[in-house]
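Me: I'd like to learn how to read a structure one feature at a time. Could you walk me through one?

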Amino acid sequence: MTTVQGYYDGAHYVTLEKVDVKPNQKVCITVLDDFISQDDREKKVEALRGCLHEYANPALWEKEGDAWGMAVEEQYGIR
């Protein structure tokens, strides 16, 4: 059994740490009387900034601006 911290954003339960949960795996959700602060939410987002930087390919950055148009042209032959 693993315990992770998180919060309910009004629509979804959001974990504050990475957790590997498989489809149809049972979970126990405990609702506490405490509330998470906006600062704690922002820390989570801040912690993720740049996490995929190692996969960035600067040679492809120029093509990003036109990627959607190129995909439409490739799939439908129109632009």
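Reply: Let's go through the features of this chain in turn, keeping in mind that the model is predicted.

Me: Let's begin with the fold. Which helices and strands does the chain have, and in what pattern?

Reply: The chain has three helices and two strands. Going along the sequence, the pattern reads β-β-α-α-α.

Me: Next, burial. How much of the chain is buried?

Reply: A residue is called buried when its relative accessible area is under 20% and exposed when that value is over 50%, with partly exposed in between. Here, buried residues account for 5% of the 79 in the chain. The accessible surface of the chain is about 8,100 Å², and carbon and sulfur atoms hold 53% of that.

Me: Which residues form a nonpolar patch on that surface?

Reply: The patch is formed by Y8, Y13, V19, V21, V27, I29 and V31, and together they have about 710 Å² of accessible area. Take V19 as one of them: V19 sits in the loop between strand 2 (13-15) and helix 1 (38-48). Its relative accessible area is 33%, so V19 counts as partly exposed.

Me: Now aromatic pairs. What should I look at, and how many are there here?

Reply: A pair of aromatic rings is described by two things, the distance of the centres and the angle of the planes. In this chain the count is one aromatic pair. The ring centres of Y8 and Y13 are 4.8 Å apart and the planes are at 40 degrees, so this pair is tilted.

Me: What about pockets? What is the volume of the largest pocket, and which residues lie nearest its centre?

Reply: The general idea is that rolling a probe the size of a water molecule over the atoms shows where empty space is left. The largest pocket here has a volume of about 1,200 Å³. Its lining takes in 28 residues, and V4, Q5, G6, I29 and T30 are the ones nearest the centre. Strand 1 (6-8), strand 2 and helix 1 each give at least two residues to that lining. You've already met I29, which also belongs to the nonpolar patch.

Me: On to charges. How many salt bridges are there, and which residues form one?

Reply: For a salt bridge, look for a Lys or Arg side-chain nitrogen within 4 Å of a carboxyl oxygen of Asp or Glu. Searching the whole structure turns up one salt bridge. K22 pairs with D20, and their closest N and O atoms are 3.0 Å apart. K22 is partly exposed because its relative accessibility is 48%, while D20, with a relative accessible area of 60%, is exposed.

Me: Let's return to the loop between strand 2 and helix 1. What is there to see at N24 and L32?

Reply: N24 lies in this loop, and its phi is near 70 degrees, a positive value in a residue other than glycine. With a relative accessible area of 82%, N24 is exposed. L32 is in the loop between strand 2 and helix 1 too, and L32 counts as exposed because its relative accessible area is 59%.

Me: How far is L32 from Y7, in sequence and in space?

Reply: The two residues are 25 apart in sequence, and their C-alpha atoms are 9.6 Å apart in space.

How values were computed
Residues numbered from 1 in each chain as written. Predicted model: local features only at pLDDT ≥ 70, side-chain atom pairs only at ≥ 80, totals over all residues. Heavy atoms only, no water. Helix = DSSP H or I, 4+ residues; strand = E, 2+ residues; numbered from the N terminus. Buried < 20%, exposed > 50% of the residue type's maximum accessible area, 1.4 Å probe, protein only. Areas by Shrake-Rupley, 256 points an atom, 1.4 Å probe, with all protein chains shown as cover. Patch = residues over 30% accessible without salt bridge, like charges linked within 9 Å, V, L, I, M, F, W, Y side chains within 5 Å. Phe/Tyr/Trp six-rings, centres within 6.5 Å; stacked < 30°, edge-to-face > 60°. 1 Å grid on protein atoms, 1.4 Å probe; cavity = no way out; pocket = protein on both sides within 12 Å on 5 of 7 lines; lining within 4 Å. Points joined across faces, edges and corners; volume = space filled by probe spheres on them.
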